[in-house]
Amino acid sequence: MSAPDLSALTGLRSGKPTFYPQYRGAAERLERVVYALELISRALVRTVEGPETLICAVAEAARAHLSARWVAFALTDGTLPDAGPRRLVLGPDATPFLVDDVEGPPLPGEVVSVLEDIRRGSIGQSAEIAPHRAFVPIVLDGGVAGAIAAWTPEHRVLDSTDRAVLSILASQTAVALQNSALYQRGQLLLHRAEQAYQEANRFAADLQARNEELEATLRELALTQRRLGAAHRHQALDEERHRIARELHDSVAQAVLSAGMQIEVCRSEIPAEERSERLDLAKELTRRAVEQLRSAIYALNRTSDADRSSLPEMLEQLRVAHTPAELDIAVRVGGTPVELSGDAEHSLLRIAGEALFNTAVHANATRAILRLTYSPESVLLSVADDGDGDPARMRLMLKLAGNDLDGHHRGLANMKARAHELGGTLEVRRARIGGVRVAVRIPVRRPADPATTGEAS
């Protein structure tokens, strides 16, 4: 729409003051125009207050300029969905008779008819000005978005100046409504962004608090694990001491008592040959008791804190501790050594000590081979002797050890329990050198590979 020129606004085609009547009328129209533009500017500056305030200000500006009895504002259905109110009617003295669907006193039929035409879009894009009625469409992006209609009293006759003023008001209202909707949408997005920022801050604070709780929990868990580890070591030490106590009771004490009984018999009147045999038996019993005591003392002196040496070195020390005069013990290590946990090395050392103890005390053996074989997936520890032990009988005792109530044969059960705790197996077979072979195979636990358990060879 082209901007109206000065003659359209004032009706004055000559600036000469000699045309006084014409000049006077033009001055009055110019004053009305200036007042109308002031009303329009006051209405349009309220864009940032929202579409509702803007629409009410536009309707009031039209009513004040035209001294109208009725002013109707309406938007076409489907246009400017964020704008509201979509219908507004101001009556005499700016009294609202209709705001959206909230109706006041009954409206004139002509006003109701115009509102329905605007709502349905049954209007053109041309303004219509009659002496007491004005109708100006609100054109936006080439289409009709709504319209402003006004009805004036008898003493207020509409002219071309009013047409130009209403056209300016309608065109600026269309832009202002669009800007207001965009502003409100931007405010809404800004509000949502602020809420999201606050929510992110709350989430970050909550995450930090949870991280602190997690760190505290991890510290407590680490402390608990250390305590459990210490308790486990104490328990293992107690179990080992109890085992040694049982062995001392079942073997050393009995050997000493038997030797004492033989010596007591020798004090009586018996043949010299029998006395010599009984003294030899007493000597043998005391020798065995000494060997058993040496093994027990070694086991008591070896605590979990002594695991500074490698496992092969500790097995070599174990060989020395368990070597009676007539028993030859050889230690053989094969494969590439792999890293084992302290608990695993401790358990293997205890198993080897128990097996050598049994060989030295019960097997009547002259030779024993302690073999440690490393592989990428497992570690094999075996003790073989050339004694007179029976593997089948030892396997039977191993099965019955779970029901052993008097402390006998707990050594075998302890070895089996230690092997199972490490995820391994314990087997008793006939040794190639003639006696018994006790073999324990445990898996090598790696972080990336699940532990596997192999068959003893």
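Let's start with E11 and E12, which pair in the antiparallel sense over six bridges. Keep in mind that this is a predicted model.

**E11, E12 and their hairpin**
- One of the pairings to look up is threonine 425, whose bridge partner in E12 is arginine 441.
- E11 and E12 make a hairpin with five residues between the strands, and glycine 434 takes a positive phi near 115° there.
- On its other pairing, E12 runs antiparallel to E10, this time over seven bridges.
- How many of the eight residues of E12 are buried? Eight of the eight are, so E12 is largely enclosed by the rest of the structure.
- Val436, Val438, Val440 and Ile442 point one way from E12, while Arg437, Ala439, Arg441 and Pro443 point the other way; all of them are buried.

**The five-stranded sheet**
- E11 and E12 belong to an open sheet of five strands, ordered E8-E9-E10-E12-E11, with mixed pairing.
- Strand E8 (328-334) and strand E11 (425-430) stand at the edges with a single partner strand each, so one side of each has no neighbour in the sheet.
- From one strand to the next, the twist averages 15°.
- Inside the sheet, strand E9 (residues 367-374) pairs with strand E10 (residues 378-385) in the antiparallel sense, over seven bridges.
- Within that pairing, isoleucine 369 has alanine 384 in E10 as its bridge partner.

- You'll find leucine 370 in strand E9.
- Is leucine 370 buried or exposed? Leucine 370 counts as buried because its relative accessible area is 0%, and the cut-off for buried is under 20%.
- Leaving aside residues up to four places away in sequence, leucine 370 touches Leu315, Ala330, Val331, Arg332, Ala352, Leu356, Leu381, Ser382 and Val383.
- Take alanine 330: it sits 40 residues from leucine 370 in sequence, yet the two are 6.0 Å apart in space, C-alpha to C-alpha.

**Helices across the five-stranded sheet**
- Helix H8 (residues 342-362) lies across E8, E9, E10 and strand E12 (436-443), and runs at about 10° to E10.
- H9 lies across E11 and E12, and its angle to E11 is about 150°.
- Which residues of helix H9 (residues 391-400) are buried? They are Pro391, Met394, Met397 and Leu398.
- These four cover an arc of only 120° around the axis, which puts them on the same side of H9.
- Arg393, Lys399 and Leu400 are exposed, on the other side of H9.
- Where H9 starts, aspartate 390 has a side-chain oxygen within 3.2 Å of the backbone nitrogen of alanine 392.

**The seven-stranded sheet**
- There's also an open sheet of seven strands, in the order E4-E3-E2-E1-E7-E6-E5, and here the pairing is antiparallel.
- E4 and strand E5 (128-130) are its edge strands, each pairing on one side only.
- Strand E2 (residues 87-90) and strand E3 (residues 96-99) run antiparallel and are joined by three bridges, with valine 89 opposite leucine 98 in E3.
- The hairpin of E2 and E3 has five residues between the strands, and aspartate 93 in the turn has a positive phi of about 60°.
- E3 also pairs with strand E4 (residues 102-103), antiparallel and over two bridges; valine 99 stands opposite valine 102 in E4.
- Two residues lie between the strands in the hairpin of E3 and E4, where aspartate 100 takes a positive phi near 55°.
- Helix H4 (residues 109-120) lies across strand E1 (70-75), E2, E3, strand E6 (133-140) and strand E7 (143-151), at about 20° to E1.

**The whole chain**
- In total, the chain has 10 helices and 12 strands.
- Of the 457 residues in the chain, 39% are buried.
- Among contacts with a separation of 6 or more, 62% are between residues 24 or more positions apart.
- The chain exposes about 25500 Å², with carbon and sulfur atoms supplying 55% of it.

Technical notes: Residues numbered from 1 in each chain as written. Predicted model: local features only at pLDDT ≥ 70, side-chain atom pairs only at ≥ 80, totals over all residues. Heavy atoms only, no water. Buried < 20%, exposed > 50% of the residue type's maximum accessible area, 1.4 Å probe, protein only. Arc of directions from axis to C-beta. Polar contact = N/O pair within 3.5 Å; in protein donor to acceptor, adjacent residues only side chain to side chain. Contact = heavy atoms within 4.5 Å. Areas by Shrake-Rupley, 256 points an atom, 1.4 Å probe, with all protein chains shown as cover. Pairing = 2+ DSSP bridges. Axes fitted to C-alpha atoms, helices over the stretch in contact; angles between N-to-C directions.
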